[in-house]
Amino acid sequence: MKRTFTLISIFLVTIIILLQTSGNEAISNNTGAPAGRTGSPFDNATCAASNCHSGTATVSPTQIISSNIPVTGYVPGQTYTITASPAQTGINKYGFQISPMNASGALQGTIVVTNPSTTKIVSTKYITHTSSGTAGTGGRTWTFNWVAPVAGTGNVTFYGAFNFSNGNSQSNGDIIRTNTLTVSEDQGTAGISSVKADPFNTLLFPNPVFNDATLRLNLIDNSPVSIQYLDITGKIISEKITYNGRPGLQDFNITVPAQLETGIYRLLVSVGDQQSIKSFYKK
């Protein structure tokens, strides 16, 4: 009987320990914040929430999020490094979540993990810490890449929430702070986004393009049709190629320049003083 009681006692103690440990892990989220905790207007939530961390989130008095995007703004399609560096004396454990999104919650650009041991993506549009990416004496730094969105997107805001943990594996005593970084679009690329009307009902297929493609235009008269290839920034990267155009729907067989590497490009179509731009992916 005594042996049975002892085994039951050990079993109960083990269960209690496991439950406490599991609860603390769930509360501290040391393996990454759940989606939707950036403090953005769309998320309207941070880690200062029920079943997460007690207290109220406050705006950080210092800038935490930074980037290598120049003051002139991001160039669509280019890759930049985003850095998050929370710091406070006496704090040795940190957590975070960041997302670049618009007011409707749509992801702006593309998040790319550069250090999977310390960061990860959740629900496609949030980047957060991993269990091995929380420690830091007096501060912690995370970096990831961001591929800028298409031309015409305009200003992009990175929303972030940060946990300054007291390390007690409980929900109480931690500090949650929010921070934002807003970056503008390089106005030097605005020219390619300003061609919004498409007077020719332009089609380019197949897309992605391997080598050859069909350019389909609807023309109103006999006019020369010229095309030029642009890179993602809007810079012309090819000589002008001219075709003979005729009224009505017409297909032109085009060959993408062999020197173009895999990536996103644009095709500028000009007929007289009218233009259209078609984006395509070169495989």
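A residue counts as partly exposed when its relative accessible area lies between the buried limit of under 20% and the exposed limit of over 50%. Keep that in mind as you move through this predicted model.

**Stop 1: the salt bridge.** Select Arg-216 and Asp-251, whose side chains meet in a salt bridge at 2.7 Å, N to O. Asp-251 has a relative accessible area of 40%, so it is partly exposed. Arg-216, at 27%, is partly exposed too. The structure holds 1 salt bridge, and you are looking at it.

**Stop 2: strand β4.** Now select Gln-97, found in strand β4 (residues 93–100). Its relative accessibility is 0%, so Gln-97 counts as buried. Follow the Gln-97 side chain to the backbone nitrogen of Gly-36, which it reaches at 3.4 Å.

**Stop 3: the aromatic rings.** The structure holds 8 aromatic pairs. Among them are Phe-96 and Phe-162: their ring centres are 6.5 Å apart and their planes lie at 15 degrees, so the pair is stacked. Phe-96 sits in strand β4 and Phe-162 in strand β9 (residues 156–165), which puts the partners 66 residues apart in the chain. Both are buried, Phe-96 at 2% relative accessibility and Phe-162 at 1%.

Next, select Tyr-74, Trp-146 and Phe-158 together to see one aromatic cluster.

**Last stop: a charge over a ring.** Finish with Phe-164 and Arg-177. The charged end of Arg-177 sits over the Phe-164 ring, 4.6 Å from the ring centre.

Technical notes. Residues numbered from 1 in each chain as written. Predicted model: local features only at pLDDT ≥ 70, side-chain atom pairs only at ≥ 80, totals over all residues. Heavy atoms only, no water. Salt bridge = Lys/Arg side-chain N within 4 Å of Asp/Glu carboxyl O. Buried < 20%, exposed > 50% of the residue type's maximum accessible area, 1.4 Å probe, protein only. Helix = DSSP H or I, 4+ residues; strand = E, 2+ residues; numbered from the N terminus. Polar contact = N/O pair within 3.5 Å; in protein donor to acceptor, adjacent residues only side chain to side chain. Phe/Tyr/Trp six-rings, centres within 6.5 Å; stacked < 30°, edge-to-face > 60°. Lys NZ or Arg CZ within 6 Å of the ring centre and 35° of its normal.
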